[in-house]
Amino acid sequence: MDLHHLQWTKNVRRSDNKWAYSEVEDSKLFKLAWKDDEANANRPDRDDLILLRQNGYVTHLVKVLNRQAEREDWQGDYNIYRIVEVLWAINFSNPPIAAKADEVFGYSAVLNFQGGNVMKLEELPTFKEAWESRGGITAFQDYVQSKLSDISNPRSTS
């Protein structure tokens, strides 16, 4: 898995507190929704990668497939979307501790990132503070690749 396009994170949540997008399996496409902010939805470029977070976990790694945001025909909240492909997702029936957001990101301040807008990692002061001395975005991408691989293929402890 090549994560050199990993530049973004986005917090997602459902109003009923169930897992968002839990039905979407690896390699499947879906419409990643935004609430009322088309400019923010257009920030990631096509082929950029986004780590989705919810309930304190990293739940998905997705790849943006379309060039710009689109709108559903109905009016209301969350009718703005980007088409994304799931590259990785947790086991929602038994979420591993290793998928906790602070574990995957390598620092606890990531838990403070709320709201539903996409955030560019290198623009976040806490990201810079946590990763600048450790090699910046490239080191982070390598770290996340290792973490996601370990979560997907846990090592035997026996």
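## Buried residues

Buried means under 20% relative accessible area. In this predicted model, Phe-140 has a relative accessible area of 0%, so Phe-140 is buried. Phe-127 also counts as buried, at 2% relative accessibility. Phe-92 is buried too, with 14%.

## Nonpolar core

The largest nonpolar core has 49 residues. Phe-140 is among those with the most contacts inside it, along with Leu-6, Tyr-21, Phe-30, Leu-32 and Leu-51. Helix H4, residues 136–152, gives the most to this core: six residues.

Leu-6 touches residues from several stretches of sequence. Leaving aside residues up to four places away, its contacts include Leu-49, Ile-50 and Leu-51. Leu-61 and Leu-121 are also touched by Leu-6.

## Aromatic pairs

The count comes to nine aromatic pairs. Trp-19 and Phe-92 form one that is edge-to-face, 5.4 Å centre to centre with 65° between the planes. This pair links distant parts of the chain, 73 residues apart. Trp-19 sits in the loop between strand E1 (6–11) and strand E2 (29–34). Phe-92 sits in the loop between strand E6 (80–89) and helix H2 (101–105).

Phe-127 and Phe-140 form another edge-to-face pair, at 5.0 Å centre to centre and 85° between the planes. Phe-127 lies in helix H3 (residues 125–131) and Phe-140 in helix H4, so the pair ties together parts 13 residues apart in sequence.

## Charges over rings

Arg-134 lies over the face of Tyr-143, at 6.0 Å from the ring centre. Lys-10 lies over the face of Trp-34, at 4.5 Å from the ring centre.

Definitions and conventions:
Residues numbered from 1 in each chain as written. Predicted model: local features only at pLDDT ≥ 70, side-chain atom pairs only at ≥ 80, totals over all residues. Heavy atoms only, no water. Core = buried A, V, L, I, M, F, W, Y, C linked by side-chain atoms within 4.5 Å. Buried < 20%, exposed > 50% of the residue type's maximum accessible area, 1.4 Å probe, protein only. Helix = DSSP H or I, 4+ residues; strand = E, 2+ residues; numbered from the N terminus. Contact = heavy atoms within 4.5 Å. Phe/Tyr/Trp six-rings, centres within 6.5 Å; stacked < 30°, edge-to-face > 60°. Lys NZ or Arg CZ within 6 Å of the ring centre and 35° of its normal.
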